Amino acid sequence: MLDTLHSIMTEVNGARDLDATLDILVRRVRAALQTRVCSVYLLDRSSGRYVLLASQGLDPAAVGKVSLAPQEGLVGLVAQRAEPVNLEVAREHPRYYYLPETREEEYESFLGVPVIQHAQVLGVLVVQQQQRRKFSREDEAFLITLSAQLAPVIALAESKVAAQRGNPVGKPARDPVFAGVPGAPGVAIAQAMTVFIPADLGAIPTRPCGDIAAEVRFFNDCLETVRQDISELKIKIKGQLRPEERELFDAYLHMLADSALGVEVVALIEQGNWAQGALAQVARQHINNFASIDDDYLRERATDIKDLCSRVLYYLQEQQKKQRVYPERCILVCEALSAAMLADVPKGQLVGVVSAEGSAHSHVAILAKAMGMPAVMGVADFPFAELDGHELIVDGHHGRVYSDPSEALRQRYQQIVREEVQLTEELEMLRDLPCETRDGYRVALWVNTGLLTDVLRSRERGAEGIGLFRTEVPFMLRESFPTEDEQTEIYREQLQAFHPKQVTMRTLDIGGDKPLPYFPIDEANPYLGWRGIRVSMDHPELFLAQVRAMLRASVGLDNLQILLPMISKVGEIDSALLLIRRAQRELFEEGYAVRTPPIGVMIEVPAMAWQIDAIVRRADFISVGSNDLTQYMLAVDRNNPRVTGLFSHLHPAVLRVLHKIAGEVTAAGKRLSICGEMAGSPAASVLLMAMGFDILSMNATNLQRVKALLRDVTLVQAQRLLEHALQQEDSEAVETLLEEALQGLGVSRLLQAAREG
Ligand code: PEP
Ligand code: MG
């Protein structure tokens, strides 16, 4: 059963569009269950009816015409109950409804299962049999399993149809909209540029090619390079191979011959396709053909084709990456966006981002926020390849993306953009005013940075220090570890740009969703694995080089603070301190006049909240990383869009832990800051101030919104609000409380910003 499932899904995944997906499905399921009929009904959202869109066995003339409401017939019953219906004699069921167009009267038995995506019944998959037959439990289990895997494929295929302006039943869909989760606030209207995960054949868009002869030459060169790679590999591992394995290498070379795969790809390029698109199309056809063969050995060849074509694609991409031309105003869209992809766009051209993976708490979203542009994350059904070059509206407030908007929708969003610009300009006036409540309580507002551009924006916004410089960001944008000298230069730029204000540099925090391309960490649970200080302590040479670079960069400026991430036991602080002292000693001996910087510890792992006493004995200051603290307290992967609704820093348990940390650190007389995204949420900032956080460090975009709100309240009001918030039972109750209370204080305009933060 698993093999059949796998083979059906491989074929379905390679289908070019919705019709092909459904046709493969009904054909393969009918054969697998040896039944007379297999049909698929999909929901037409405008009419709320389930329309017969593919069938093997029913009258083909009925396809696209027949439909059932959820109250009608057995198909409707499956949809209504969102449960399978398995009947030996369908006619005897009170919900049986005869559809003359389908000529289904000959069929006695019926098994229907719902296709469910995001708790909505997208469609119904039905098998029918002429003779009386109670479909077995195994048949039922097979269809249920298949339908669960199918749901995202069908949803994506439907999105592609919607993107091409027309929903699956042919009615034009105005303003196709794709739902994700809000990643970074704001709105952008611009042209989409699809970038793809390197060497992913499934993600290649169709694009025309300008110079056909040059494209053919280019493709042939890349093909030749892969042939050479395979020949070299064959020679290199010759002694380790059995004869039949050696034959496999010959088979690969044969597939890669100009006269095999090559000739098909060249034919498509000659029709005007770019090489990557042509290769992907040929690869898809072959993979599908192999995958549908009922022979284990031959089916496996689909994997070989995929591997070989991915190798060719790698070389095509390496070259074409250098030639990529980004639109003037560009919205970057990708299955899994990375920081490096953002950095590849020339300065000033990037205005928004869309990613199928990740959530608001992913580092790419945090980076987008820091750059002041909207991001929509977790748009699972977004047809990336199809929308390359189309106009998009990215609504980062609500987590929505519109493609090819109507004039009316574009105007509505242009108005929102104008209002946002106006609010930002008004807030500009706060730039040089202190962040002081109406009753004279002062809080420091610092910024989080990763790139030099952030530093420049932050200075313009009136930030009073850098509370978190994510040093891994410049590491992520390179192709190898930067040397100590190169790091010194990067750090000196940050320190100088903010001098004499304090700059908090966090030591390398890789792992989780921050991989380095040249230092892969492949783990099943990356957030619970080799991250942050754990990597640094296992690689003291990397840590020492980084700390030496920070200390060297600070000579003569003396505005450096060092921060240690992901501490989960105090021994890690001791080890890190030893290495920092050693770096300092070495530098003294080398003649550098380094001063001892304040060393801080991040509280991100909940256990550490119960060891504040031990931490404050070792650290000069504490900085709470509310992103990770929330993730670990609530057991919600911050990067997983499926559970993003559960991620809330306003969860009462999170608030109580923060309150406890604040109380103990303040009592110990140590400086306390918070540098997670929570600090940049205007509503949450009121609570953090009331708890006693001295420094709120946030993205530059939200800094003035937070300042405006805090200047509008008193400390006494904030403390009262905190008291009530701590008594609530869930995040929603805290949100409502904050909204009502702040509205009552007359700061409703900023509340919009509060919600968006
Ligand atoms: C945090 O976890 O809150 C934090 C500031 O660190 P990062 O987001 O870089 O993991
Ligand atoms: Mg963190």
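Which residues gather in a patch of negative charge on the surface? Select E729, D730, E732 and E735 to see them. Asp and Glu count as negative, and each charge is placed at CG of Asp or CD of Glu.

Before moving on, note that this is a predicted model, where local features need pLDDT of at least 70 and side-chain atom pairs count only at pLDDT 80 or more, while totals for chains, interfaces and linings use all residues. Residues are numbered from 1 along each chain as written, chains are lettered from A and ligands numbered from 1 in the order written, and side-chain values use heavy atoms, without hydrogens and water.

Stay with E732, part of helix α25 (residues 731-744); helices are DSSP runs (H or I) of at least four residues, and strands (E) of at least two. E732 is partly exposed, at 49% relative accessibility. Buried means under 20%, exposed over 50%, and partly exposed in between (1.4 Å probe, protein chains only).

Next, select ligand 2, the magnesium ion, coordinated at 2.0 Å by E604 (OE) and D628 (OD). E604 sits in the loop between β19 (599-603) and α19 (612-618) and D628 in helix α20 (residues 626-634), so the pair ties together parts 24 residues apart in sequence. Donors are N, O and S atoms within 2.8 Å of the metal (3.2 Å for Na, K and Ca); water is not among the atoms, so sites may look incomplete. E604 is buried, at 2% relative accessible area, and D628 is buried at 2%.

Finally, pick A375 in strand β12 (residues 375-377), buried at 0% relative accessibility.

Technical notes. Patch = residues over 30% accessible without salt bridge, like charges linked within 9 Å, V, L, I, M, F, W, Y side chains within 5 Å. Areas by Shrake-Rupley, 256 points an atom, 1.4 Å probe, with all protein chains shown as cover. Salt bridge = Lys/Arg side-chain N within 4 Å of Asp/Glu carboxyl O.
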